[in-house]
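Biologist: Hi! Could you walk me through this one?
Modeller: Happy to, have a look first.

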Amino acid sequence: MHMARRKLLGALAGAAALGTVPGVAAAAGPGSAGGPGGPGGDSGSPDAEAVASAGAESSAAGLPGAEDAAAPGAAGAAAAALARLLPAHHRQVAFRTVPRKGGADAFRVSGREGALEVSGTTPAVQLTGFHWYLRHVAHAHFSWNGAQTAALPARLPGVRTPVVRTANVPHRFVLNDTSDGYTGPYNGWDYWQREIDVLALHGFNEVLVYAGADAVYHRTFREHGYGDAELRAWLPGPAHQPWWLLQNMEGYGGPLSAGLLERRTALAKKIVGRLRELGMTPVLPGYYGTVPPGFAQRNPGARTVPQGTWGGFRRPDWLDPRTAHFRRVAATFYRVQKELYGATSMYKMDLLHEGGKPGDVPVADAARAVEKALRAARPRATWAILGWQENPRRAILDAVDRSRMLVLDGVPDHYPKVTDREDDWGGTPYAFGSIWNFGGHTAMGANTRDWARLYEDWRTKPGSALKGIALMPEAADNNPAALALFSDLAWTDGRIDLEDWFARWPRYRYGAADPHAVRAWDVLRRTAYGTTREDGWSEAADGLFGARPDLAVTHAATWSPRQLRYDADAFDKALPELLAVAPALRGSSAYRYDLLDVTRQSIANRSRTLLPRIKAAYEAGDRARLSDLTRQWLDWMALLEETVATDERHLLSRWTAAARAWGSSEAERDRLEQDALTLLTTWGPRPSADAGKLHDYANREWSGLVGGLYRKRWTAYFKELDASLTTRRKPKAIDWYALEEDWLRHRPALRTKPAGDVVKVARRVARKL
């Protein structure tokens, strides 16, 4: 054994003593080791195969291995991250790396005031340890939505008893295939740098990276008979690329310029480079057969299977994986991908996803061929596949090496019928997941009761194949309490006590104990975060202000819940409690985000109580009553617009400005802005919006949408209802797609800066409730 390794093992032994701090349980034993700013900027990507075989053992156990090893200089990666996050305090913390013991990630935090030591198995785990200390000892934190660090003293508090934690699962996966679309398709490096830091702080070690995949496909098919321009026309705009990578569509929102491809490639290199520095695994797309149109004609002897349509879009053809042409394309794909971004140890592939058609190709044979191509390029890699609807098909699981597959279960908190994943998937290792958000809806809530109950029961039962967690809301940057709670599953010994957890959350969320904050979050625990899968949903109901108008409408997005999943009157009690929080605790971005979110949700819930009254007035022919109620509806919308306008991240203009920043000409900037806006509104052209029912799938209560498109639709509808009563006729049908398309192309200027004080607006809302 090398001397350096002996020293590391000795260091870990010295860090192994278990201890507790107030409110923090003792660490668990070793976890399961089975199973598998602006755009642009340049960054290199380490050559994974140049890393020595020291990681082979951990890779074989399904843990990050040599191909994911941190880049040179990674010893300072955690320190560099802390310097970004806490520039006034970072020199008070020393980080050191220790090896895994028993195959599990672990951290230890100790030290006196102003001089802390954090040891951990990777730089990312070290950051997880520091954040655990920050939350439970120093009462501060970082999140997707807001942070609270201003209450920290000049000298960080010491730790009386070392804080020690061991991960109870090896896989801690994060992000959905749709994240790049619904979260922010035009986010630049400033965003991604902080996002990666926050994910590391929350204990994740496997991050899905779809950015830059367009360049891989572009370069791959240049070598298989296609020209530069036609491939750039085949690639969708960045907002719609996730569904192209899922083999659902092609071309829409393009063409991509050569310059845009280069800038996206540079950003992707930075993302994967930073992940590797922190010891996190970039999970990259694998190749499973997507080809541009006419592949068989350009490559004699090739065999493709048409995939039909999805949501009104033509799906790309599928190249038969059993063929020599598939093997050649896959080899090119993995070579090009490695040249651009380096190799990795986990690849995401969803074979025949959401209605994909195998034709006369046996699914088992196809799966074996896809896996063989992956193994030829990356022998030790894990194939990650989404557990969603009928995916993965059992024929796929029965055909492949299950020990090198990880199913990312997206629905354990969705459907009550999901009870035995070992039986469903034949013992294939899987990650317990949640998709609490669809399309980026701004609704609060998650099925946290299911998480607390199911995760620990399933993980510890005899013969369990549960080897990870998978945080997969379709859009990130929402529900910060859900982010923190779900990530804690992997670092908690035993079942999480929700009542205790939610009582502690506001202390570090706002900086100190406050009885009003505790009562507010207890209300939220019992309402928005107290739902369960028993009603067949994992997401919160979206508001009706963002729906295409109809007197009987019950949801804005086609596949969203039809009713509120908790008592709206009970939820309303959270707002006055938040407003009563001590003034000294109201200054953080965390408090102001929560106050806005509860205020916004309280207003959104009014849509579900007011619309039935409007319907009754119309059906009674009471024009005066209809006029009064529709005025109330529009007044609530105005108040909702005023609420969300107080926060920069709730401005539609931030979304459009980010898209325009990637363009190099006015025409390209216009095209990218249209790509981004379409996703939030019509989603695509008329066939997908109407027949495909994708319109408003990504609805959200943002300034510019609420006071813009949404108000325009409801105003037009109420005007027609009034006219129908006046003239004693049925209401005329309104072409909503035409109205939406007109707004997209001729909308008024958007607010570019936040306005107003959320505390003052919230007080007005509380008085109205």
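Modeller: Let's start with two helices: α23 passes α29 in a left-handed crossing, meaning that the near helix is turned anticlockwise from the far one by less than a right angle. This is a predicted model, where local features need pLDDT of at least 70, side-chain atom pairs count only at pLDDT 80 or more, and totals for chains, interfaces and linings use all residues. Residues are numbered from 1 along each chain as its sequence is written, and side-chain values use heavy atoms, with hydrogens and water left out.

Biologist: Which residues of α23 and α29 make the contact?
Modeller: From α23 they are W636, L639, E642 and T643, and from α29 they are V761, R764, V765 and K768. Contact here means heavy atoms within 4.5 Å.

Biologist: How do the residues of that contact divide into nonpolar, polar and charged?
Modeller: Four are nonpolar, one is polar and three are charged. Ala, Val, Leu, Ile, Met, Phe, Trp, Tyr, Cys and Pro count as nonpolar, Asp, Glu, Lys and Arg as charged, and the others, Gly among them, as polar.

Biologist: And at what angle do the axes of α23 and α29 cross?
Modeller: At roughly 150 degrees, and the axes come within 10 Å. Axes are lines fitted to C-alpha atoms, for helices over the stretch in contact, and angles run from 0 to 180 degrees between N-to-C directions. The two helices are therefore roughly antiparallel to each other, a label for angles over 145 degrees.

Biologist: What does β2 pair with?
Modeller: β2 pairs with β3 (115–120) in the antiparallel sense over six bridges, and F107 has G120 as its bridge partner in β3. Four bridges also join β2 to β4 (163–166), again antiparallel, with V163 as the partner of V109. Pairing requires at least two DSSP bridges between the strands.

Biologist: Which residue takes a positive phi in the hairpin of β2 and β3?
Modeller: G114, near 75 degrees, and the hairpin has two residues between the strands.

Biologist: Last one: in what order do the eight strands close into a barrel?
Modeller: The order is β5-β6-β7-β13-β14-β15-β16-β17, with parallel pairing. The twist averages 30 degrees from one strand to the next.

Key. Angles under 35 degrees count as roughly parallel, over 145 as roughly antiparallel, 65 to 115 as roughly perpendicular and the rest as oblique.
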